[in-house]
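Could you walk me through this structure, one selection at a time? I have it open in my viewer and would like to know what to click on next.

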Amino acid sequence: MPTESTFLLAGLFLLLAAAGWALGRFGERDEEEAPPPLNIDYLKWLNFLLNEQTDQALEHFLKMVRVDDKTIETHFALGSLFRRRGEVDRAIRIHQNIIARPDLAAEQRDQALFALAKDYLRAGLLDRAENVFTRLAQGSRYQVEALEQLCRIYEQEREWEKAIESGQKLEILSGESLALQIAHYYCELAEQAISRKDYPAARGYVKKAQSGRPRTHRGALTRAHIATETGDSKTALRLYHRIIDEKTYLITEALPELVEVYEREGSTAQLEKSLRALIEKDNDLCRDIAYTAIVNNIGGIDVIDECVEQYMLGEPTLKNFIDLQTVRLASGEDRQAALDKVRAALSQLASGIPRYQCKECGFSSQRLLWQCPSCRDWETQRPFNTVNFDSLLQRTTDAM
């Protein structure tokens, strides 16, 4: 059967043929002048089309319909259609054919180069797209768009130094702040330095990340990771406490790390005191602590266990599956053992569900992603603060 590309080319050629017929029929010519014979090139093209030889038909079109001021927009439209349909090889040929025109105006050449760069990008040829966008970014009416695309390419290739350079140029040209985006680029460099154990370089990158406005909360978390890695427990605890004290969404990331540092230092009593003081100021924090404890299976600290117990007792769905009242009435070691068992079971159940969701596009994931893979925005993921036990337990029951 004829493909959609065949119908697309057929429609385009019929349109061009109709335009040519109209010019010949109604244009100025001598009354006795005979109508022109049917063009042999048109017959060749028609033969390719009827035999579903779309590539040959396209090549013949490029030879028949010369790129000039009257047809160039038709070529651009056809190339754009092919790209949107995923037929990037054909789109590339069309745009290369436009660029090959020796007398092409500078503005049209830039338009063709920009279209060709988007073709390369769609085809996954990032190096070729980068080269063309870099050329356009140096001086053309597509400078802003080219720099935006270069930032995206460097994000994919994790070339953060180049991303910073392009982002800073884009700020100047567009007049819009990219402080948050560039801050994350520096944080990415900091994490690469941490993986190499180059902590002085990591601190330098974090300092640059925190120099702009608005600040990213990621900077404080990265600084705390550096302090933990270098054995600076005092700084690590101060930074983790700041994250929790400010009630940022990073409590789900900070609390497990905070517990680990306190346990390593053998001073969980101080953590107990600090968390109780925070809950007294804002009881809603107890729910966030409980959720974090359940999904990370954190226990053995009285204030955290109390938050988890309160959370479970307030969840009506769990009453149909777990005898929470028995757990509540138990005492001493039996009570702690029962609570640990329930929490561990719920943690195992929750391990298979998303924990974070992008507030812009709704993309969800099990771990925190600083850049959303779907909408590509930075720092838009937020943690869920409740576990949907209803659907979770129902799914588990159905699987049994």
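Here is a short tour, from the whole chain to single pairs of residues.

This is a predicted model, in which local features need pLDDT of at least 70 and side-chain atom pairs count only at pLDDT 80 or more, while totals for chains, interfaces and linings use all residues. Residues are numbered from 1 along each chain as its sequence is written, and side-chain values use heavy atoms, with hydrogens and water left out.

**Whole chain.** Show the cartoon: you will find 20 helices and three strands (DSSP runs, H or I of at least four residues for helices and E of at least two for strands, numbered from the N terminus). Of the 400 residues, 43% are buried (under 20% relative accessible area with a 1.4 Å probe, protein chains only; exposed is over 50%, partly exposed in between).

**Glu-107 and Arg-141.** Next, select this pair, which forms a salt bridge with its closest N and O atoms 3.7 Å apart (a side-chain nitrogen of Lys or Arg within 4 Å of a carboxyl oxygen of Asp or Glu). Glu-107 sits in helix 6 and Arg-141 in the loop between helix 7 and helix 8, so the pair ties together parts 34 residues apart in sequence.

**Arg-276 and Glu-306.** Here the closest N and O atoms of the salt bridge are 3.0 Å apart. The bridge joins helix 15 to helix 17. Arg-276 is partly exposed at 32%, and Glu-306 is partly exposed at 39%.

**A network.** Finally, select Arg-158, Glu-188, Glu-191 and Arg-218, which are linked by salt bridges.
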